[in-house]
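Hi,

Here is the structure we talked about. Please open it alongside these notes.

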Amino acid sequence: MLKSKNKKKSISYEKWGYYFIAPFFIIYAIFGLLPMISTIRYSFYEFYSEGLNTIGPNFNGLNNYVSVLTGDFFLALKNTAIIWVMGFVPQIIVSLLLAVWFTNNRLKLKGTAFFKSVIYMPNLVMAAAFSMIFFMLFGQSGPIVTMLSSWGVIPEKFDFLGKVWESRSLMAIMNFLMWYGNTTILLMAGIMGIDQSLIEAAEVDGASSRQIFFRVTMPLLKPIFVYVVITSLIGGIQLYDIPQIITNGTGSPNRQNITLMMYLQTLIKGSNNYGMAGALSVLIFILTGTLSVFVFRSISKNELVSVKR
Amino acid sequence: MDKNKLYKVNTIAKKTFIYAFLIMLAIISIMPFYLLIVNSTMSHQEISTSYSFVFKDSFLSNFQKMVADTNNKIFTAARNSLIISLGTAALATYFSAATAYGIHMYNFKGKKAAFIFILTVFKINTDMA
Amino acid sequence: MKGFKKVFALLIVLVTAFVLISCDKDKAEKKLVIRAWNDEFQGLFRKYYPDFKETKADGTDVLKDGTIVKWVIVANENNAYQIALDEALKNQESVYEEERIDMFLVEADYALKYVDSDYSLPVADLGITTDDLKNQYAYTQKVMTSSDGKLKGLSWQATPGLYAYRQDIAEEVFGKVGITPEEVQAKISDWTKFEAVAAQMKAKGYTMLAGNDDAYRTFSNNVSAPWVNANKEIVVDQNILNWIEQTKRFADAGYNNQGADYALWGPGWQKEQGPTGKTFGFFYSTWGINFTLMGNSLGDSKAEKKVGNGLFGKYRVVTGPQSYYWGGSWLVSTKFTDQKDLVKDIMMKFTFDKDIMKSITLDTLDYTNNKVAMGEIANDPTYGSAFLGGQNHIKLFAEAAEKIDLKTLSIYDQGLNEGIQTAMKGYFAGDITLEKAWENFYDGIKALYPSLKKKS
């Protein structure tokens with residue numbers, strides 16, 4: 001008797017589960033899946049404009065992929081990767097440092113509330129406005145150049161934005177500033193989630209702070225760390241507004257600052273080339289997916305996805 | 001006693017270093033914000049040919065020009081942005097919570113698959129737009 | 001509680017949907033829809049169009065007969081103006097008749113795209129005859145003539161280009177106080193002489209030009225064939241090669257400044273036009289001299305614009321080594337227009353009516369597209385520009401405008417012009433070789449216009 005009653009109850013509740021998640025899937029199907037399928041479809045067609053006339057869509061198989069791969073794909077990939085790494089490495093180091101300092105009760109730092117809000121501020125400034133500020137600061141007659149040249153460090157009217165590594169450094173710094181607040185807060189949340197008693201136990205056992213950090217904190221921080229790396233990676237691949245504004249859309253100097261998204265934008269801007277743009281989008285997606293899986297695998301041990309009940 | 005003193009000196013040195021570093025970061029972080037405000041007080045001519053770290057006096061005239069521009073109605077645009085962002089926040093929160101609740105509370109076929117699907121979607125949704 | 005939440009959510013959805021979907025369905029009044037990328041023509045329209053009555057609070061204008069003029073202005077940044085315009089033109093069929101685009105403005109760089117398309121209406125179809133157009137400068141019509149010979153657009157301005165030099169530097173370097181523009185022109189009447197003078201400037205610590213891009217227009221406007229030939233191959237004209245070689249020589253010798261700041265419109269370039277600048281002169285066309293150069297020449301931008309304020313009064317204009325034109329805006333009508341008479345009237349008032357065009361020039365110092373009106377001002381002995389120390393620059397423009405020889409345009413001009421200037425920057429600065437610069441140029445064009453090929 002009881003058994004059958006229970007069975008009936010669990011079955012009827014199941015339906016509610018479906019009802020709850022249905023809106024998500026319906027909305028996603030309309031607004032997310034359909035455009036994505038359309039993009040993938042167009043990537044196999046020749047489809048662009050000449051003036052006001054549209055050419056295509058004509059099926060042309062993998063031609064678009066070949067054009068993209070022999071075109072600027074690897075150049076843009078290299079540029080994007082370099083700028084991202086230059087920005088992210090300092091970013092993660094500084095964020096870890098800050099996160100550790102802010103959560104360390106023994107240091108008794110004052111004014112942490114002030115610092116925590118201040119480091120988040122660059123994130124609020126729009127990338128466009130941010131780029132303009134840097135344009136002004138590092139321009140040839142700008143304050144930085146004037147100051148540094150009067151000390152004799154660099155020649156007068158030094159062209160920061162016109163040199164390859166200098167402009168890349170600038171963009172890396174901008175990326176760093178915009179996102180390190182975010183990263184710090186996330187890492188802080190991760191650290192605070194670590195059981196204090198573990199750290200205390202390690203201290204009692206005589207571990208130095210460096211040992212505590214590397215042997216206790218970091219391993220327990222892994223899930224958040226993975227999340228931070230992956231989201232930063234995805235953000236990095238989509239690096240667009242900063243280089244676009246700093247180089248005025250040209251990817252100068254010597255095309256060494258063209259990023260993947262800038263390449264995509266050029267394809268659309270010049271000739272509404274949905275065919276090649278679609279191919280590029282698919283390639284970027286595959287790249288993002290592969291990288292994410294790679295990072296995920298190499299750092300964590302599938303602890304992130306905990307199956308609920 | 002000596003060990004204690006050494007420890008204290010160590011801590012003070014450490015703290016000084018930390019504070020210095022933090023203050024430097026703070027200055028670098030506030031600088032763009034500050035400069036933006038300074039820029040808003042400069043006239044068009046001044047912005048395109050020079051830079052300044054002190055406030056100038058064109059804020060009022062700039063503001064008036066911005067408001068008077070009927071081709072870029074700033075307040076309408078702000079209102080539109082507000083409507084969209086409020087709507088997005090409300091809808092997203094409600095539906096996400098509902099979905100999460102559904103996944104968590106109920107046990108139904110394909111739940112694991114649905115969960116993994118949602119995770120994948122989360123990663124790629126910004127990409128293909 | 002659950003019920004309440006659901007109702008609340010539904011309400012939010014409905015409100016949002018309602019706000020998004022509800023659109024103002026204007027009543028069927030007569031409406032003229034004009035698209036532009038800035039408010040230049042809007043300003044002229046409001047001030048000089050006889051039937052203009054007032055501007056309403058929402059930005060539309062009302063004419064004396066009640067017709068509403070709706071302005072759709074999308075800035076040119078990142079190609080936004082053209083993207084919006086193209087999208088709108090393709091979808092005109094599904095738009096209310098009243099809301100369809102009646103007129104839009106274009107610039108020379110991308111005019112051909114619209115001239116050759118069916119979307120633009122030949123001016124003959126509006127009832128404008130060749131007799132009405134006889135006082136215009138021929139080149140303004142050639143720009144807007146389609147490949148099958150139909151004139152599609154008209155302009156209220158002509159934009160001949162000149163070389164604006166600094167009188168004080170000229171007096172110092174040439175050693176003659178009160179040297180006249182004619183004498184200076186004799187010294188720079190062709191590119192060889194121009195370069196010789198550049199050496200003189202350098203010897204006294206001045207630069208001839210501000211940056212690399214200054215002289216580009218002068219060369220690119222005098223090529224003998226379009227950028228792209230019938231086989232979709234990119235043809236680099238000899239004039240462009242001349243520009244590259246000359247600018248490289250200038251860069252090496254220090255006759256101009258290197259770096260991102262000195263690109264056209266850059267902060268360094270603008271600053272050089274002011275009292276602290278050391279550049280002898282600038283290539284500018286009509287609109288540039290009185291709107292950009294004058295502003296940049298002042299010492300104090302907020303004080304009155306008169307002699308004594310910075311370089312006001314110290315610039316003079318000459319034709320320079322080669323005549324050219326730079327920019328200009330044209331009015332184009334669409335085939336969807338339902339206001340043919342009004343469009344014709346607007347076009348006639350601004351591109352034919354002598355009195356209106358003359359007053360525009362006298363008030364705004366812009367150069368209008370009417371030979372008769374400009375001739376009157378040019379020959380007026382009392383007319384002179386205070387900014388140019390009393391020189392009658394209209395006279396000079398009138399002479400220059402006649403000499404403009406137009407190169408044929410291609411629809412790829414904008415990308416190719418920008419592309420070559422960008423690609424050559426590194427070469428001028430000495431960072432990359434000429435071969436690498438050319439490679440960059442072609443690679444960049446491949447991404448922008450995939451159907452173009454390099455000339456084999």
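This is a predicted model: local features need pLDDT of at least 70, side-chain atom pairs count only at pLDDT 80 or more; totals for chains, interfaces and linings use all residues.

**Chain A hairpin**

Y45(A) and F59(A) belong to a pairing of β1 (45-50) with β2 (53-59) of chain A. The two strands run antiparallel and share five bridges. Two residues sit between the strands of this hairpin. G51(A) has a positive phi there, near 65°.

Chain B contains five helices and zero strands. The chain has 129 residues, and 9% of them count as buried.

Chain B meets chain A through 33 of its own residues and 40 residues of chain A. On the chain B side, α1 (2-40), α4 (74-105) and α5 (111-124) each supply at least two residues. The largest share comes from α1(B), with twelve residues. By type, this side of chain B has 21 nonpolar, seven polar and five charged residues.

**Chain C and its contact with chain A**

Chain C also touches chain A. Here 30 residues of chain C are in contact with 27 residues of chain A. Three helices of chain C each give at least two residues: α11 (267-271), α17 (413-429) and α18 (434-448). α18(C) gives the most, six residues. The chain C side divides into ten nonpolar, eleven polar and nine charged residues.

**Two domains in chain C**

Chain C is split into domain 1 (31-158 + 327-378) and domain 2 (161-325 + 388-454). Their centres, taken over C-alpha atoms, are 29 Å apart. The contact between them takes 21 residues from domain 1 and 18 residues from domain 2. In domain 1, α4 (108-115), α5 (138-143) and α15 of chain C give two or more residues each to that contact. α4(C) gives the most, with five. The domain 1 side is made up of twelve nonpolar, five polar and four charged residues.

**Sheets in chain C**

There is an open sheet of seven strands in the order β2-β3-β4-β1-β5-β11-β6 (chain C), with mixed pairing. β2 (52-55) and β6 (153-154) of chain C are the edge strands; each has a single partner, so one side of each lacks a neighbour in the sheet. Within this sheet, β1 (31-36) and β5 (103-107) of chain C pair in the parallel sense over two bridges. R35(C) has F104(C) in β5(C) as its bridge partner. α2(C) lies across β1, β2, β3 (61-63), β4 (68-73), β5 and β11 (329-333) of chain C. Its direction is at about 120° to β2(C).

Another open sheet has three strands, ordered β9-β7-β10 (chain C), and is antiparallel. β9 (281-285) and β10 (315-318) of chain C stand at its edges with a single partner strand each, so one side of each has no neighbour in the sheet. The average twist from one strand to the next is 35°. β7 (161-166) of chain C pairs with β10(C) over four bridges. In that pairing, Y165(C) stands opposite R316(C). α12 (286-297) of chain C lies across β7, β9 and β10 of chain C, at about 140° to β9(C).

**Helix α14 of chain C**

Which residues of α14 (354-364) of chain C are buried? They are I356(C), M357(C), I360(C) and T361(C). These four lie on the same side of α14(C), because they cover an arc of only 135° around the axis. The general rule is that an α-helix has 3.6 residues a turn, so residues three or four places apart point the same way.

What do the buried residues of α14(C) pack against? Their partners are α2 (40-48), α13 (340-351), α15 (371-378) and α16 (393-403) of chain C. On the face turned away from the buried side, D355(C) and D363(C) are exposed. Just after the helix, L365(C) takes a positive phi of about 65°.

Best wishes

How values were computed. Residues are numbered from 1 along each chain as its sequence is written. Chains are lettered from A and ligands numbered from 1 in the order in which they are written. Two residues are in contact if their C-beta atoms, placed from the backbone, lie within 7 Å. Ala, Val, Leu, Ile, Met, Phe, Trp, Tyr, Cys and Pro count as nonpolar, Asp, Glu, Lys and Arg as charged, and the others, Gly among them, as polar. A residue is buried if 20 or more other C-beta atoms lie within 10 Å of its own, exposed if 12 or fewer, and partly exposed in between; C-beta atoms are placed from the backbone. The arc is that of the directions from the helix axis to the C-beta atoms. Domain bounds come from an automatic or database domain assignment. Two strands pair if DSSP finds at least two bridges between them. Axes are lines fitted to C-alpha atoms, for helices over the stretch in contact, and angles run from 0 to 180 degrees between N-to-C directions.
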